[in-house]
Amino acid sequence: RNIAAVNLILEESSLIKDIRKETYRDSTLQSIKNCLDGKVESESEKTIRDAAFFKEVDGILYRNIISKGQNHYVIAVPKALRLKILKSLHDDLSSGHLGMAKTIDRVRKRFFWPKMNKEIKFFVSSCHSCQDVKRRYHQKKFGLMEPIRVGEAFDRVGIDIIGPLPKTKSSNQYIVVASDYLTKFAIVWPF
């Protein structure tokens with residue numbers, strides 16, 4: 001248990017270093033940093049407005065989020081690291097391939113990036129493991145079988161083709177079977 005905690009701390013410290021490094025390479029986050037530093041002359045009005053929700057601490061941008069009526073700050077993630085974060089919070093052994101809503105909630109508690117809900121939904125919906133489990137456990141159950149109503153003999157006839165089978169001396173490879181639903185009378189033709 002302690003090893004898992006140490007691994008998590010090491011992964012997070014490595015992730016923090018990566019976020020710090022990639023923040024400088026991300027043009028959107030760099031624009032927000034410029035606004036926070038007072039260098040607004042080359043930035044758009046939208047970026048200047050958005051920057052009011054951010055603060056910078058030790059080279060990492062944090063976004064102010066209101067959740068359940070309370071303000072808190074989450075890490076603004078550079079574009080280059082979003083997939084890595086999604087994988088660690090959804091695919092990782094300790095993550096358990098949570099569903100759509102739980103994955104969104106888990107990511108939103110710690111991170112922020114524009115249009116993240118859309119990206120998370122796409123990521124989870126394209127996860128092969130989740131789709132396989134979803135197919136197996138969430139399929140609609142088949143209904144009860146109902147008898148086929150038949151009036152008189154030969155009102156309803158079923159026809160089936162069996163084959164390909166090994167060729168006969170007459171070069172026949174298939175069998176056509178016609179059977180009456182009521183009497184079960186069957187006729188068989190080779191071809």
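This is a predicted model: local features need pLDDT of at least 70, side-chain atom pairs count only at pLDDT 80 or more; totals for chains, interfaces and linings use all residues.
## Sheets, hairpins and packed helices

Strands S6 (residues 175-180) and S7 run antiparallel to each other and are joined by 5 bridges.

S6 and S7 belong to an open sheet of 3 strands, ordered S5-S6-S7, with antiparallel pairing. At the edges are strand S5 (157-162) and strand S7 (186-190), each of which pairs on one side only. From one strand to the next, the twist averages 15°.

You can follow the pairing of S6 and S7 residue by residue. Ile 175 has Pro 190 in S7 as its bridge partner, while Ser 179 stands opposite Ala 186 in S7. The two strands form a hairpin with 5 residues between them, and Lys 184 there takes a positive phi near 70°.

### The sheet with four strands

Now look for the other sheet. It is open too, with 4 strands in the order S1-S2-S3-S4 and mixed pairing. Which strands stand at its edges? They are S1 and S4; each has a single partner strand, so one side of each is left without a neighbour in the sheet.

Helix H2 (residues 27-36) packs on this sheet, where it touches S1, S2 and strand S3 (70-76). The direction of H2 makes about 90° with that of S1.

Within the sheet, S1 and strand S2 (residues 60-67) pair in the antiparallel sense over 4 bridges. Val 57 is bridged to Ile 60 in S2, and Lys 55 has Tyr 62 in S2 as its bridge partner. S1 and S2 also form a hairpin, this one with 2 residues between the strands; Asp 58 in the turn has a positive phi of about 55°.

| Hairpin | Residues between the strands | Residue with positive phi |
|---|---|---|
| S1 and S2 | 2 residues | Asp 58, about 55° |
| S6 and S7 | 5 residues | Lys 184, near 70° |

The structure holds 3 aromatic pairs. One of them joins Phe 54 and Phe 112 in an edge-to-face arrangement, 6.0 Å centre to centre with 70° between the planes. This pair links distant parts of the chain: Phe 54 is in strand S1 (residues 54-57) and Phe 112 is in strand S4 (residues 111-112), 58 residues apart.

### Two helices that cross

Two packed helices are described by the angle between their axes and the distance between the axes. What are these values for helix H4 (residues 82-91) and helix H6 (residues 116-125)? They pack at an angle of about 55°, and their axes are 11 Å apart. That angle makes H4 oblique to H6, and the crossing of the two is right-handed.

To find the contact on screen, pick out Arg 82, Leu 83, Leu 86, Lys 87, His 90 and Asp 91 in H4, which meet Glu 119, Ile 120, Phe 123 and Val 124 in H6. By residue type, this contact of H4 with H6 divides into 5 nonpolar, 1 polar and 4 charged.

Technical notes:
Residues are numbered from 1 along each chain as its sequence is written. Side-chain values use heavy atoms; hydrogens and water are left out. Axes are lines fitted to C-alpha atoms, for helices over the stretch in contact, and angles run from 0 to 180 degrees between N-to-C directions. Angles under 35 degrees count as roughly parallel, over 145 as roughly antiparallel, 65 to 115 as roughly perpendicular and the rest as oblique. A crossing is left-handed if the near helix is turned anticlockwise from the far one by less than a right angle, and right-handed if clockwise. Contact means heavy atoms within 4.5 Å. Ala, Val, Leu, Ile, Met, Phe, Trp, Tyr, Cys and Pro count as nonpolar, Asp, Glu, Lys and Arg as charged, and the others, Gly among them, as polar. Two strands pair if DSSP finds at least two bridges between them. Rings of Phe, Tyr and Trp (its six-membered ring) pair if their centres lie within 6.5 Å; planes under 30 degrees apart count as stacked, over 60 as edge-to-face and the rest as tilted.
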